[in-house]
Amino acid sequence: MSTPALDLSAARLAVTWQAPGTHQVFALFDDGAWFWTLASPADPWSALAGAFRCDAGDGERAALLDLGARVAAGAVPDSGGTGGLALVLAAGGRTVRVDAGGEAAGEVTRATLPLLAVGRRRPVSAIEVRAARMAPPGAPSVLGLAFTAIGVEPTQLRLDAESVRLIGADGPWQQVPAPRMGLVEGAGNLLDGLYAPAVIPAGTTGAWVLAGADAQPGQRVRAGGTVRASGPWAESNAPLLAFEVSAPVDLPR
Amino acid sequence: MKASQRHERSREPSRAKGGEAPPGHPLAKLQQAAGNRAVNQMLRAEDTVQRVPVTAPSRQETLFNQRGTPGQATAAVYGGSGGATFDMSRGGTPDAVTVTVRIRFVDQARTAAGADTGPKTVIPAADPRRAWAQGMCTTAPGVWNGRARLAGQREARTGIGGMISPDPGGPVALPLAFRAVPVWDLTSPADKEVRVFSAATVAGSAGHPIDAAHYYMNRGGYPFSEEAIYAHEYGHLIGLPDEYSQSNPQMHALMHDIDPGTAATRGAALDRETVRRMVLAALTRPLHDRVDAARGEIAAALRRGSGPVRQSLAGQLRAALTAPGVRNLFELSGPTASARLTPRIHALVNAATAAGRNTSGVAGRVVTSEFATPALGALINNRYFQALQGVQGNADVGGLGVNINIEGHAGIDANGVAVTNAVGVWNAAATGAAAANATGVADRVAGALRTGRVPPVRPSGALLRQLESLPSGWAAFSAAAPAALSSAVLQADLGTALSAAWLARTLGGGAGAPITRGPALAAAVDASVRNAATAAATNAVRAFLTAEINPVLQTSVTALVAAVHDEVDRVMGTPAGALASAAPRDPDIAALATTLNTQLQAQVTAATAAQAAAPGTTPVNPGATAPAQSVTYGTVNMMSDNTKVFRPDQFAELANQFNGSGLRRDREGSFHAETV
């Protein structure tokens, strides 16, 4: 879908990791650093989607600024499509692809790894998903996804009812019947996300009942949609970005 | 194709295990006539796991994106024609097709330049690399699961089989699952060989780039996860090449590489489809803005006709809330009370579910809220933008799936809200003559805006007229509720809302202490009923409105696409000298198509000139830069820069292999791949 994307034009250095099942972006601005995770098959990020703030120390910031300056100056060679995965580095209007296992990628790793550990503890607007099969009182056992707004700001998202999958550890998967009702919070208020955007207040959990689906031990639930990405821009300009999250299913003992 | 074929019968159907059917059973007669073995074979045939090894053809490809030296990009040839080998199997419940790649993991050193060196040895059994590689085999293919299936048709069963076990046939959908299994020794068959490096070797250090043949336990804990890295490599293992965004001349060249015989036809189709999408992109914002500007008028028209909806909803909600099953759910999953107060819950629920404030009151509030201009406008904007974006999906260009990316955007977010100015071709009809053309198209497609007290006369098919006519079909709701607002639907939604609220409290840690005061319990029960009723009623009304509005929007967009299709074909299929005399059906669309085709051709001409290659070589010289392009192309985005695009053509070879593998069952036709 052609929609406004993350505006990284003011970033001193932006790093994008994209691959099947992965979409994460780190950007260093003059007034701080941000990390957006939108899809990842790896823990702890697989269950998360949204925006995180990263505090950069002087050393880390200097290293990233130096790399950004070299990208902007054309001093970081573009590795092109050499058959492996690539990171996309952007600075000063210039974009280069570098091999995931290459020297520049290693430089990015060393500089950003500590920042991402900090960022994980500083969600701004993000959701964390849990999956469980439970039996509410008086009702049959149901599979549900719980979306908790873990940031300090509300999280706005839309859910793709057709995107829900139950995936076994060794590959078998099945599509979950499209739910006809969106998220509901603990007091019973409809947050939605299907017919209208769901706005989940900070600290609030909205549950999504996946009727007609059953889960076996070891399975994960994967779901997707769009999430409003907070960042160094006005809230009215925050882009809506596609996300994909997954979580193992907790089953009753 | 396949070198050999083996069928593993890993599971016997329970009905065949006993050998003979009970006397008098129709099977017994068949066993007498045809023999036990034949009958057992027949019954077993659809309940077993079959496995065949296959070799998917792989081709060399030239990527025009090598820029190792700034300003001197060179073409490079990647891949090989040796084919990708793997196993395909079919079976399980539900019936599925599984692609299994056997990966031999070995120990071998690399030189400082990254070349393999020294002896190749077995990774010891206790080595941590084994557990790590085993884990990769489990998780890396996981990204591929849930993305595609094979679809085909099964003919009806006839003859004696049909008499015993009638089967009318029908569609067959086989989910595609992907697996990787490790091979630890040096001699057993394997599809791929990979060197694994321990945690002591950091990927990315000198001589240690990650690629399809070299895996690293230590990749620094980077968020670009090893699962993602090896999921990409897994794509190569099932025969998929890397392909990246291309300019128009590069895409033409790539089509030529794929098949010179169809390149001209495909190239012409590609250009026509490109211009169609450019026209539709340019019209997206003007059309969206036109409908958005009329949101108040549309909402007012729908509100005027909403009486029967409110009346119907109130009656059905009353019936749903007083259903014994629903009341029981409220009692069990509502607020918890102290032991002393718990006996009161039954009466409180009965009172709350019968109260007018929670039935007709809720229905009134919900209809007022959902038919208000902001809510209805947001719904229409979202659905209309989705419909307009839907035409920008993958294109079928002579049987080849192609992503045609019109660079930029309409300035509208995924909710359908215009948040900024349109960019690129999407903004092409914002000013000048093209803006006048877009206004003309919007007048016909959506209808003119109301500027005074009297509504304008709009064409019968105009979108605004169609939307505002919807309430004419709602008058009958006073007598009979539509399915979307029926008591049964509301009961189901009430149950879902209560279950979801309980899950949210349980998983979110919001469960409160038991209530110990009577008035507080009464208020809590009443709130529980009101909230659930509001949730169910809101959901039902939103579903109802979506079901009413969406087809109108889709029909309008479909008609627009057809009109654009015709005009682009006329503009691009008519010789320049004859174009003036070929009267267009829609002169505004024709003018936009002409303008945008001229823009495309100018960019194509500039890029072609800039990238012209020496005669006798590839059609495109990557060593020269080209001017910026408004349109880019890709054929396999999943293997490059798009995380979620899994196109059917990426699984098409698996369908071909499946069709020729012997895994199809009796009466099944050819299968094709579908993404899901």
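Is F477(B) buried or exposed, and what is its relative accessible area? F477(B) is buried, with a relative accessible area of 10%; buried means under 20% relative accessible area, exposed over 50% and partly exposed in between (1.4 Å probe, protein chains only). The model is predicted: local features need pLDDT of at least 70, side-chain atom pairs count only at pLDDT 80 or more, and totals for chains, interfaces and linings use all residues. Residues are numbered from 1 along each chain as its sequence is written, chains are lettered from A and ligands numbered from 1 in the order in which they are written, and side-chain values use heavy atoms, with hydrogens and water left out.

**View 1. Aromatic pairs of chain B.** Rings of Phe, Tyr and Trp (its six-membered ring) pair if their centres lie within 6.5 Å; planes under 30 degrees apart count as stacked, over 60 as edge-to-face and the rest as tilted. Over all chains, the count is 18 aromatic pairs. F477(B) and F544(B) form an edge-to-face pair, with ring centres 5.6 Å apart and planes at 75°. F477(B) lies in the loop between α16 (463-468) and α17 (487-508) of chain B, and F544(B), 67 residues apart from it, in helix α18 of chain B; helices (H or I, at least four residues) and strands (E, at least two) are DSSP runs, numbered from the N terminus. F544(B) is buried, at a relative accessible area of 3%. The pair of F658(B) and F671(B) is also edge-to-face, with centres 5.0 Å apart and planes at 80°. Both of these residues, F658(B) and F671(B), are buried.

**View 2. The largest nonpolar core.** A nonpolar core is a set of buried Ala, Val, Leu, Ile, Met, Phe, Trp, Tyr and Cys residues joined through side-chain atoms within 4.5 Å. The largest has 101 residues, and V279(B), I549(B) and L560(B) have the most contacts inside it. Helix α18 (residues 518-573) of chain B gives the most to this core, namely 19 residues. Residues up to four places away in sequence aside, V279(B) touches V564(B), V568(B), I589(B), L592(B), A593(B) and L596(B) (contact: heavy atoms within 4.5 Å).

**View 3. Strand β8 of chain A and its partners.** In β8(A) (residues 142-149), seven of eight residues are buried. Strand β7 (residues 123-134) of chain A runs antiparallel to β8(A), joined by eight bridges; strands pair if DSSP finds at least two bridges between them. I127(A) has A149(A) in β8(A) as its bridge partner. Six bridges pair β8(A) with β15(A) (residues 205-210), again antiparallel, and G144(A) stands opposite V209(A) in β15(A).
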